[in-house]
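I opened my notebook to look up one structure. I wanted its helices, its cover and its surface patches.

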Amino acid sequence: MSLLNTAVRIAEETEFDPDTVSPGVAGFIAFAALGIGIIALGFNMVRRLRRNSYRAEVREQIEQELAEQNGTVGSAGTDPQGPSRPVVDPDADPSSEPGGGPRAEPGAEPRG
């Protein structure tokens, strides 16, 4: 506690002039660096958003061109970069699936 008492005593003995208290040059530089950093991040975000929207437009154009070439205008399954799902044959034997039997969907009632 002696260190805390010493610090309080030194603080009480020091004169305080409210007209000379300012952050100074270091405070200005820190504040300016924060401002410049925020502006730079804003420009970077706008650039990335614009690039992402351009990519989405190009993907849509590619989908339309592929659909026109295949003769299936308006089909939703022509996304070249979309996830590929296996084709499920409804007439297939469920016991031939890996794991030995049919798999129930979450929340589905068991078949009796």
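My entries follow, starting with the whole chain.

**Whole chain.** I noted first that this is a predicted model. I looked up the secondary structure and found two helices and zero strands in the protein chain. Then I asked what share of the 112 residues is buried. Buried residues make up 3%. I also looked up the accessible surface, which is about 10800 Å². Carbon and sulfur atoms hold 59% of that surface.

**Helix α1.** This helix runs over residues 2-13. I checked its length against its 12 residues. At 1.5 Å a residue, α1 should span 16 Å. Its end C-alpha atoms lie 17 Å apart, so the two values agree. How many of the residues of α1 are buried? The count is zero, and α1 is hardly covered.

**Helix α2, Val 25.** Helix α2 covers residues 24-70, and Val 25 sits in it. Is Val 25 buried or exposed? Val 25 has a relative accessible area of 63%. Exposed means over 50%, so Val 25 counts as exposed. I found Val 25 in a nonpolar surface patch together with Phe 28 and Ile 29. Together the three have about 360 Å² of accessible area.

**Helix α2, Arg 47.** Arg 47 lies in helix α2 as well. Its relative accessibility is 43%. That value falls between 20% and 50%, so Arg 47 is partly exposed. Which residues form the positive surface patch? I listed Arg 47, Arg 48, Arg 51, Arg 55 and Arg 59.

Note on methods. Residues are numbered from 1 along each chain as its sequence is written. This is a predicted model: local features need pLDDT of at least 70, side-chain atom pairs count only at pLDDT 80 or more; totals for chains, interfaces and linings use all residues. Side-chain values use heavy atoms; hydrogens and water are left out. Patches are made of residues with over 30% relative accessible area and no salt bridge: like charges are joined within 9 Å, nonpolar side chains (Val, Leu, Ile, Met, Phe, Trp, Tyr) within 5 Å. Accessible areas come from the Shrake-Rupley method with a 1.4 Å probe; for residues, only the protein chains shown count as cover. A salt bridge is a side-chain nitrogen of Lys or Arg within 4 Å of a carboxyl oxygen of Asp or Glu. Helices (H or I, at least four residues) and strands (E, at least two) are DSSP runs, numbered from the N terminus. Buried means under 20% relative accessible area, exposed over 50%, partly exposed in between (1.4 Å probe, protein chains only). Lys and Arg count as positive and Asp and Glu as negative; His and the chain ends are not counted. The place of a charge is taken as NZ of Lys, CZ of Arg, CG of Asp or CD of Glu. The expected span of a helix is 1.5 Å times one less than its number of residues.
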